[in-house]
Amino acid sequence: MKESDIYKLFSSMAEDSIQNNQAVREVFSALIRSTLRYRDHMLESDGVVVTVEDVRAVLDWLVPTLNTGRPPQTDNKIRLDLLKLWLDELRYLGNTGIFC
């Protein structure tokens, strides 16, 4: 998965966002950075390629997981780990007051 693919995916979501403000841009930026770090780590450490499909699936899981507090039942470790990483990132952003 190319860095440009990740930016395109998140950019299309940001364009669809009703509230395209600074907080939204910061959230998307943080998710992009953490996705790229995760992608690079998985490739370097395990030789595993994180795909655009993986990122899309996790995007689909994000809001339901935030609403319920429960991640989906899956055996896909790559996707589940990326979701957990994003949730940690969002918790951090929430603790910094970005959502206020």
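The model is predicted, so a quick word on the ground rules: local features need pLDDT of at least 70, side-chain atom pairs count only at pLDDT 80 or more, and totals for chains, interfaces and linings use all residues. Residues are numbered from 1 along each chain as its sequence is written, and side-chain values use heavy atoms, with hydrogens and water left out.

**Overall layout**

The chain has 4 helices and 0 strands, and its elements run α-α-α-α from the N terminus. Helices here are DSSP runs (H or I, at least four residues), strands are runs of E with at least two, and the numbering starts at the N terminus. Of the 100 residues, 36% count as buried. Buried means under 20% relative accessible area, exposed means over 50%, and partly exposed is in between (1.4 Å probe, protein chains only). The chain exposes about 6,400 Å², with carbon and sulfur atoms supplying 51% of that; the areas come from the Shrake-Rupley method with a 1.4 Å probe, and for residues only the protein chains shown count as cover. Among contacts (heavy atoms within 4.5 Å) with a separation of 6 or more, 65% are between residues 24 or more positions apart.

**Helix H2**

H2 covers residues 22–46, and its 25 residues should span 36 Å at 1.5 Å a residue; the end C-alpha atoms sit 35 Å apart, which agrees. The expected span is 1.5 Å times one less than the number of residues. Buried residues in H2 include Val 24, Val 27, Phe 28, Leu 31 and Arg 39. After H2 comes Gly 47, with a positive phi near 70 degrees.

**The core**

The largest nonpolar core has 19 residues, and Leu 62, Leu 83 and Trp 86 have the most contacts inside it. H2, H3 and H4 each give two or more residues to this core, and the largest share, 8 residues, comes from H4. Such a core is a set of buried Ala, Val, Leu, Ile, Met, Phe, Trp, Tyr and Cys residues joined through side-chain atoms within 4.5 Å.

Leaving aside residues up to four places away in sequence, Leu 83 touches Val 58, Trp 61, Leu 62, Thr 65, Pro 71 and Pro 72. Thr 65 is in helix H3 and is buried, at 5% relative accessibility. A polar atom of the Thr 65 side chain lies 2.8 Å from the backbone oxygen of Trp 61.

**Salt bridges**

There are 5 salt bridges in the structure. A salt bridge is a side-chain nitrogen of Lys or Arg within 4 Å of a carboxyl oxygen of Asp or Glu. The table includes three of them.

| Pair | N to O distance |
|---|---|
| Arg 39 and Asp 40 | 2.8 Å |
| Arg 79 and Asp 54 | 2.7 Å |
| Lys 77 and Asp 81 | 2.7 Å |

Asp 54 is buried, at 7% relative accessibility.

Lys 77 and Asp 81 both lie in H4, 4 residues apart, about one turn of the helix. Lys 77 is exposed at 58%, while Asp 81 is partly exposed at 24%.

As for the remaining pair in the table, Arg 39 is buried at 14%, whereas Asp 40 is partly exposed at 32%.

Conventions:
Polar contact = N/O pair within 3.5 Å; in protein donor to acceptor, adjacent residues only side chain to side chain.
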